[in-house]
Amino acid sequence: MHSNVTSIAQYLQDEDRSPTALGLMLAYRLTELREDAGLKAGEAAKLIKVSPGQFSRLESGKRRWKRDDLVAALRAYGVGPEEDHLTLRLLEESGEKEWSASFGSDVLPDWFQLFVGLERAAKVHRFFETRAFPGLLQCEPYARAIVEGDAMGDATLVRRRLTLRKQRQEHVFRTGSALWVVLEEGVMGRPFGDEDALRAQLTHLKHLLESNGNVTVQILPTSLGVSRPSASFTHLQFNLEGVSDKVYMEHPAGATYYDEAEDVKRYQETFDRLAGYALDPGLTIGILDKALTLLG
């Protein structure tokens with residue numbers, strides 16, 4: 001294993017470990033053990049007496065293992081009682097509740113749960129944003145203006161969505177992970193609510209860049225004649241054994257996740273290209289100052 005990758009055993013000792021990430025690690029470990037045993041998925045399904053479809057859902061993490069079935073699988077793979085502690089601990093701890101479990105589906109819909117569960121486990125967050133400042137970098141007035149526009153006048157829903165956003169920020173920033181944003185220039189002049197909210201957001205981002213070396217923001221000029229995606233996307237990069245990088249894109253019906261290596265590489269190359277065209281991050285604070293001056 002590459003020295004900069006956190007092993008499963010190491011991550012299990014992390015006080016801020018993500019049960020969602022542990023679930024992906026369990027799926028990875030069980031697939032690896034089966035393949036090391038020279039068994040195909042159908043053969044393993046027969047040995048533990050489940051259907052091929054059930055086995056596929058179990059091994060991929062879409063269905064939770066029962067402890068007895070997992071032990072049966074381990075024995076079929078040649079893993080004895082003296083060697084199964086790590087896998088059984090993964091099963092136990094991946095079943096723990098995420099910090100966000102108290103939020104209902106109106107605040108945290110199913111398609112967003114995976115993202116919230118994984119974002120605090122990521123080593124690097126890379127955002128291409130066309131509509132608004134990333135949620136992790138939003139101040140309260142700006143976030144409120146956006147949420148109020150989406151919540152159709154439901155004050156309780158606004159409050160709970162803002163609470164979720166604030167807690168997400170706290171969890172991610174506590175990990176010390178890097179946040180790198182390529183921001184369409186037009187976002188800086190697009191007010192949600194009134195200009196006061198935009199002014200507060202520009203000031204907040206300036207202070208964040210001045211105080212937190214883990215945050216990088218580059219501005220992509222609107223006038224620049226470069227091909228760019230029509231929608232925002234987030235690329236989560238991990239350094240965890242068994243957890244592949246993910247690309248996340250929201251759309252009106254929910255969200256799409258990409259984790260196949262070829263898809264992730266395509267988005268990674270797209271981000272790298274846009275970052276190459278965007279203005280140097282050292283210029284961003286000056287650009288924010290100029291935008292604040294124009295607001296008056």
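# Notebook: helix packing and selected residues

I began with helix 6, whose buried residues pack against helix 1 (8-11), helix 2 and helix 5 (67-76). I listed those buried residues as Thr 87, Leu 88, Leu 90, Leu 91, Glu 93 and Ser 94. I note here that I am reading a predicted model.

**Whole chain**

I looked up the overall figures next. The chain has 12 helices and six strands. I find that its C-alpha trace spans about 70 × 40 × 35 Å along the principal axes. Of its 296 residues, 47% count as buried. I also checked contacts between residues at least 6 apart in sequence, and 72% of these join residues at least 24 apart.

**Helix 2 with helix 6**

I returned to helix 6 to look at its packing with helix 2. Helix 2 covers residues 19-36 and helix 6 covers residues 85-94. Their axes come within 8 Å and cross at roughly 150 degrees. I recorded the crossing of helix 2 past helix 6 as left-handed. From helix 2, the residues in this contact are Pro 19, Leu 22, Gly 23, Met 25, Leu 26, Arg 29, Leu 30 and Leu 33. From helix 6, they are Leu 86, Thr 87, Leu 90, Leu 91, Glu 93 and Ser 94. I sorted the contact of helix 2 with helix 6 by class and have nine nonpolar, three polar and two charged residues. Leu 90 and Leu 91, which meet helix 2, are also among the buried residues of helix 6.

**Helix 2 with helix 7**

I then followed helix 2 to helix 7 (residues 110-119). These two pack at an angle of about 95 degrees, with their axes 7 Å apart. An angle from 65 to 115 degrees counts as roughly perpendicular, and helix 2 and helix 7 are therefore roughly perpendicular to each other. I find Thr 20, Ala 21 and Leu 24 of helix 2 meeting Leu 114, Gly 117 and Leu 118 of helix 7. The contact of helix 2 with helix 7 has four nonpolar and two polar residues, and no charged ones.

**Helix 10 with helix 12**

My next pair was helix 10 (residues 195-211) and helix 12 (residues 284-295). They pack at about 160 degrees, and their axes are 10 Å apart. That angle makes helix 10 roughly antiparallel to helix 12, because angles over 145 degrees are classed that way. Helix 10 passes helix 12 in a left-handed crossing. On the helix 10 side I list Glu 195, Leu 198, Arg 199, Leu 202, Thr 203, Leu 205, Lys 206, Leu 209 and Glu 210. On the helix 12 side I list Thr 284, Ile 285, Leu 288, Asp 289, Ala 291, Leu 292 and Leu 295. The residues of this contact divide into nine nonpolar, two polar and five charged.

**Aromatic rings**

I searched the whole structure for aromatic pairs and have 13 of them. I looked at Trp 99 and Phe 103, whose ring centres are 6.4 Å apart and whose planes stand at 80 degrees, so the pair is edge-to-face. Trp 99 is buried, with a relative accessible area of 19%. Phe 103 also counts as buried, at 13% relative accessibility. Elsewhere in my notes, ring pairs link Trp 111, Phe 112, Phe 115, Tyr 248 and Tyr 257 into a cluster.

**Single residues**

I looked up His 171 and placed it in helix 9 (residues 155-175). His 171 is buried, with a relative accessible area of 15%. Setting aside neighbours within four places in sequence, I find His 171 in contact with Asp 16, Trp 99 and Arg 120.

Pro 221 lies in the loop between strand 3 (215-220) and strand 4 (233-237). I have Pro 221 as buried, at 15% relative accessibility. Leaving out its neighbours within four places in sequence, Pro 221 is in contact with Glu 185, Arg 228 and Leu 279. I checked Pro 221 against Leu 114 and found them 107 residues apart in sequence and 32 Å apart in space, C-alpha to C-alpha.

My last entry is Lys 49, in the loop between helix 3 (41-47) and helix 4 (52-60). Lys 49 has a positive phi of about 60 degrees, although it is not a glycine. I recorded Lys 49 as exposed, with a relative accessible area of 74%.

Technical notes
Residues are numbered from 1 along each chain as its sequence is written. This is a predicted model: local features need pLDDT of at least 70, side-chain atom pairs count only at pLDDT 80 or more; totals for chains, interfaces and linings use all residues. Side-chain values use heavy atoms; hydrogens and water are left out. Axes are lines fitted to C-alpha atoms, for helices over the stretch in contact, and angles run from 0 to 180 degrees between N-to-C directions. Helices (H or I, at least four residues) and strands (E, at least two) are DSSP runs, numbered from the N terminus. Angles under 35 degrees count as roughly parallel, over 145 as roughly antiparallel, 65 to 115 as roughly perpendicular and the rest as oblique. A crossing is left-handed if the near helix is turned anticlockwise from the far one by less than a right angle, and right-handed if clockwise. Contact means heavy atoms within 4.5 Å. Ala, Val, Leu, Ile, Met, Phe, Trp, Tyr, Cys and Pro count as nonpolar, Asp, Glu, Lys and Arg as charged, and the others, Gly among them, as polar. Rings of Phe, Tyr and Trp (its six-membered ring) pair if their centres lie within 6.5 Å; planes under 30 degrees apart count as stacked, over 60 as edge-to-face and the rest as tilted. Buried means under 20% relative accessible area, exposed over 50%, partly exposed in between (1.4 Å probe, protein chains only).
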